[in-house]
Amino acid sequence: MTEPSGSAKQPDIRLFHLLPNLLTIAAICAGLTAIRFGYEGNYEMAAHLVLAACVLDGLDGRLARLMKHETAVGAELDSLADFLNFGVAPVLILHSWALQDLPNAGWIAVLFYAVCCVLRLARFNVSSRLESSATTSDFFIGVPSPAGAILVLFPMVVSFALSDLPLAPPAVVAFHVCLVGALMISPLPTYSFKGTTINRANAKYALLVAAILVAFLLTYLWATLAVLTVLYISCLVWAYRTYRIAKKFKG
């Protein structure tokens, strides 16, 4: 008895090829657990889990391309994970820290940031599927969602890094949340860093710097995050200036 044509047996898949999707699912678990720790008041663990989600987000897609096993399901799963980890988890952690005393306006700021993040991701997904030479590959348009996740936590990071400073008023934190959300959907050019290369002879030094950075994040989380965030904000200013100059010469 022959099987119906619509129920043809699908080819087997190696378990190794599921590794990129497993990394994405691990990132989702990290983001959800970060929310839990945020509302329990364990902000250090919550921040560590958001950072872990950022790392896993950077690895899953690259691993799939390296294995030459990119799938439509993996791409959709990655996009959904990005929204949870960068559009929901960080802003809910901030809500648990500072915005519960501002119940209405604070929640509106949370919703605004989340909607801006999902619009940023949708724009990125569409632009990545279209071949266009209108913009240079050295730049993204708008702050990427992983960077937005770190930027939105900046008031909390500063408060723990500089504990002697008074806490920012909830209204200021809500404004900061909306500002970061607006930057994600803005036309602001930001460095993509995708084309960044180093000399092969210097690769060992890059690995050493990465190891030292991880050690600092594990030991001096808040101070290290504060410094990295300030450096990234400086990169935003420099990228805008560089983009304007490059555009002026092309024009």
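Buried means under 20% relative accessible area, exposed over 50%, and partly exposed in between (1.4 Å probe, protein chains only). This is a predicted model: local features need pLDDT of at least 70, side-chain atom pairs count only at pLDDT 80 or more, and totals for chains, interfaces and linings use all residues. Residues are numbered from 1 along each chain as its sequence is written, and side-chain values use heavy atoms, with hydrogens and water left out.

**View A. Phe216 and Tyr220 form a tilted aromatic pair.** Rings of Phe, Tyr and Trp (its six-membered ring) pair if their centres lie within 6.5 Å; planes under 30 degrees apart count as stacked, over 60 as edge-to-face and the rest as tilted. Four aromatic pairs turn up in a search of the whole structure. The ring centres of Phe216 and Tyr220 are 5.9 Å apart and the planes are at 40°, so this pair is tilted. Phe216 is partly exposed because its relative accessibility is 41%. Elsewhere, Tyr43, Phe160 and Trp222 make up one aromatic cluster.

**View B. Two arginines sit over phenylalanine rings.** A charge sits over a ring if NZ of Lys or CZ of Arg is within 6 Å of the ring centre and within 35 degrees of the ring normal. For Arg36, the charged end lies over the ring of Phe37, 5.2 Å from its centre. For Arg120, the ring is that of Phe140, and the distance to its centre is 5.9 Å.

**View C. The largest nonpolar core has 52 residues.** Such a core is a set of buried Ala, Val, Leu, Ile, Met, Phe, Trp, Tyr and Cys residues joined through side-chain atoms within 4.5 Å. Residues with the most contacts inside this core include Ile93, Met156 and Trp222. Helix 3 gives the most to this core, with twelve residues. A second, separate core of five residues includes Leu23, Ala27, Leu63 and Met67.

**View D. Helix 3 meets helix 6.** Helices (H or I, at least four residues) are DSSP runs, numbered from the N terminus. Axes are lines fitted to C-alpha atoms over the stretch in contact, with angles from 0 to 180 degrees between N-to-C directions. These two axes come within 9 Å and cross at roughly 55°. Ile93, Leu94 and Trp97 of helix 3 meet Pro155, Met156, Ser159 and Phe160 of helix 6. Contact means heavy atoms within 4.5 Å. Ser159 is buried, at 14% relative accessible area. Beyond its neighbours within four places in sequence, Ser159 is in contact with Trp97 and Leu167.
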